[in-house]
Structures are given as C-alpha cells and as structure tokens.
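I opened my notebook to keep track of what I looked up in this protein. Here is where I started.

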Amino acid sequence: MTGTGRSVLLAEDDLAIAEPLARALVREGNSCDIASTGPQALEAALSGTYALVILDLGLPGMDGLEVCRRIRRERPQLAVLMLTARTDEVDFVVGLDAGADDYVGKPFRLAELLARVRALLRRSSSADDVVLDSGGIHLDARARRVVVDGVEMTLANREFDLLRCLMETPGQVRSRDEIMTEVWGSTDLRSSKTLDMHISWVRRKIGDDQPSRRKHIATVRGVGFRFDP
C-alpha cells in the first residue's frame, strides 16, 4: 500500500473502470490503491492510510453499503464517495443514509468525478482550529465535534461541513450554488437534491424540528439558507 497525505482507496471490482480511474487520480497528484472486494476494501479503509475511499456499491463479498456503514462506525472522519450503476432515487438516499459523503452514478463524467474528489480531499486535509459558538451550538472544526445545549451530536461528514458553512457567516444568506460549491464541489441537480436532504437532517440533529425550540437554519426562498445565531 502507498501512503501520502492524499492517498485514495478505489474499491471497484471492474478493472475496466478501476484502472483508468486510478491513473487519472495519480495524474491529479494523488496516490491510489485498488481493492476489488468488499472485505479487502474494509480492511484497507480501516488501516488509517487513506484520506478518501471511492466505494463501488456492488462489490463482491460485502456490498458497498455495508462497507460504508462499518467505515462510519470505526473511522467517522474518513471521506467516502460512493460509485454505483444504480441511480434510482431510493438507492441514492440509502447510500447517503449509510454515511457516504457524496454519490456519483455510472456512467460518470471523469471531470465531474475528479472535481468531487478534489472537494472531499480539500476538506479531509484541512486541519484548522476553527471553533464556532452560536445559539447553544458549539462546533469544533479540528475535532469535528458538534455539541448542542451540552449534548454531543453525531453528524455525518457532509452534515458537519454544511453546518460549519452556515455557522461561519451568521445572519448572512448563503446561496444554494455557493453552499453546494463549498460543501460538495458541484452545483448539479443531484447536489441540489442532496443539499435539501442534508439541510433537513442537520435541522433535525440540532433541534430545529422541535416546536418549542428557536430555529437556527432559515430558508430564504429563491436564494438559499441563513444561520440565525
């Protein structure tokens, strides 16, 4: 196994896809290893070597959803980009619910996939000391912890990044395109659907769905979202 600050694990059993994609990732300046089964992918992902896992949903031995769930339990900060030929909306939601940070359907455009990879690697390589406190919510960027009214919340990586994006500019409207570019590295329609789902999940986790609680994330119709401190 190779190991640099930008090491990518490509879990894909179709070599016609895996080999050219691995070469493209290396041309981008990354190191890349290929795992062709679910158990191999899980073992490699838990080794601590990689900053990102590109995970095919249909791996032999253990499917990508189960691999993703186990990664989330053991290495919650590891970025996971799910890759699948099944682009049904239900599969899309299930993949994100299993803990994937992003989701790309086959056949994919290489330029788009590499843009998603760059966005995820930028996030995983950031090691800043940003600590945000607002409205009873404490967000620690280095530790990737969120505490709401003294209780620690479990947020998936993309949920954390979305909340941070909004909390960094309290009282200011962030446009949908701006949020999608910063958090997902893309403004396509799929990312737009994903944004709405993640806003809903974040609202639930920080208590915005409770009638008795003051709401933090406001929808600005036709524009985007605002974090109210």
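My entries follow, one topic at a time.

**Entry 1: what I'm looking at**
I remind myself that this is a predicted model. I go by that in everything below.

**Entry 2: helix 6**
Is helix 6 mostly covered or mostly open? I looked up residues 157-167, which make up helix 6, and eleven of its eleven residues are buried. To count as buried, a residue needs under 20% relative accessible area. The list of buried residues in helix 6 includes charged ones, such as R158, E159, D161 and R164.

**Entry 3: the largest pocket**
Next I wanted the largest pocket, and its space comes to about 420 Å³. How many residues line it? I found 22, and P76, T154, L155, A156 and N157 lie nearest the centre of the pocket. Helix 6 supplies at least two residues of the lining, and so do helix 4 (89-97), strand 8 (145-148), strand 9 (151-153) and helix 8 (189-205). Sorted by class, the lining has ten nonpolar, eight charged and four polar residues.

**Entry 4: two helix pairs**
I stayed with helix 6 and checked how it packs against helix 7, residues 176-184. Their axes are 10 Å apart and the angle is about 130°. That makes helix 6 and helix 7 oblique to each other, and their crossing is right-handed.

Then I looked up helix 2 (residues 38-45) and helix 3 (residues 64-74). How do these two lie relative to each other? Their axes come within 10 Å and cross at roughly 15°. Angles under 35 degrees count as roughly parallel, so helix 2 and helix 3 are roughly parallel to each other. Helix 2 also passes helix 3 in a right-handed crossing.

A reminder to myself: most peptide bonds are trans, and most residues other than glycine have a negative phi. With that in mind, I went looking for exceptions.

The peptide bond from K106 to P107 is cis, and its omega is near -5°. I found P107 in the loop between strand 5 (102-105) and helix 5 (110-125).

R144 is not a glycine, yet it has a positive phi of about 50°. R144 sits in the loop that runs between strand 7 (137-140) and strand 8.

D149 isn't a glycine either, and its phi is positive, at about 50°. Where is D149? I found D149 in the loop between strand 8 and strand 9. Its relative accessible area is 49%, so D149 is partly exposed. The cut-off for exposed is over 50%.

I picked D33, which is in strand 2 (residues 31-35). Buried or exposed? D33 is buried, because its relative accessible area is 13%. D33 and S7 are 26 residues apart in sequence, and their C-alpha atoms are 8.0 Å apart in space.

My other pick was R118, in helix 5. R118 has 33% relative accessibility, so I wrote it down as partly exposed. Along the chain, R118 and W184 are 66 residues apart, while 9.7 Å separates their C-alpha atoms.

Conventions:
Residues are numbered from 1 along each chain as its sequence is written. This is a predicted model: local features need pLDDT of at least 70, side-chain atom pairs count only at pLDDT 80 or more; totals for chains, interfaces and linings use all residues. Side-chain values use heavy atoms; hydrogens and water are left out. Buried means under 20% relative accessible area, exposed over 50%, partly exposed in between (1.4 Å probe, protein chains only). Helices (H or I, at least four residues) and strands (E, at least two) are DSSP runs, numbered from the N terminus. On a 1 Å grid over the protein atoms alone, a cavity is a set of points where a 1.4 Å probe fits but cannot get out, and a pocket is an open set with protein on both sides within 12 Å along at least five of seven lines; lining residues have an atom within 4 Å of a point. Grid points are joined across faces, edges and corners, and a volume is the space filled by probe spheres set on the points. Axes are lines fitted to C-alpha atoms, for helices over the stretch in contact, and angles run from 0 to 180 degrees between N-to-C directions. Angles under 35 degrees count as roughly parallel, over 145 as roughly antiparallel, 65 to 115 as roughly perpendicular and the rest as oblique. A crossing is left-handed if the near helix is turned anticlockwise from the far one by less than a right angle, and right-handed if clockwise.
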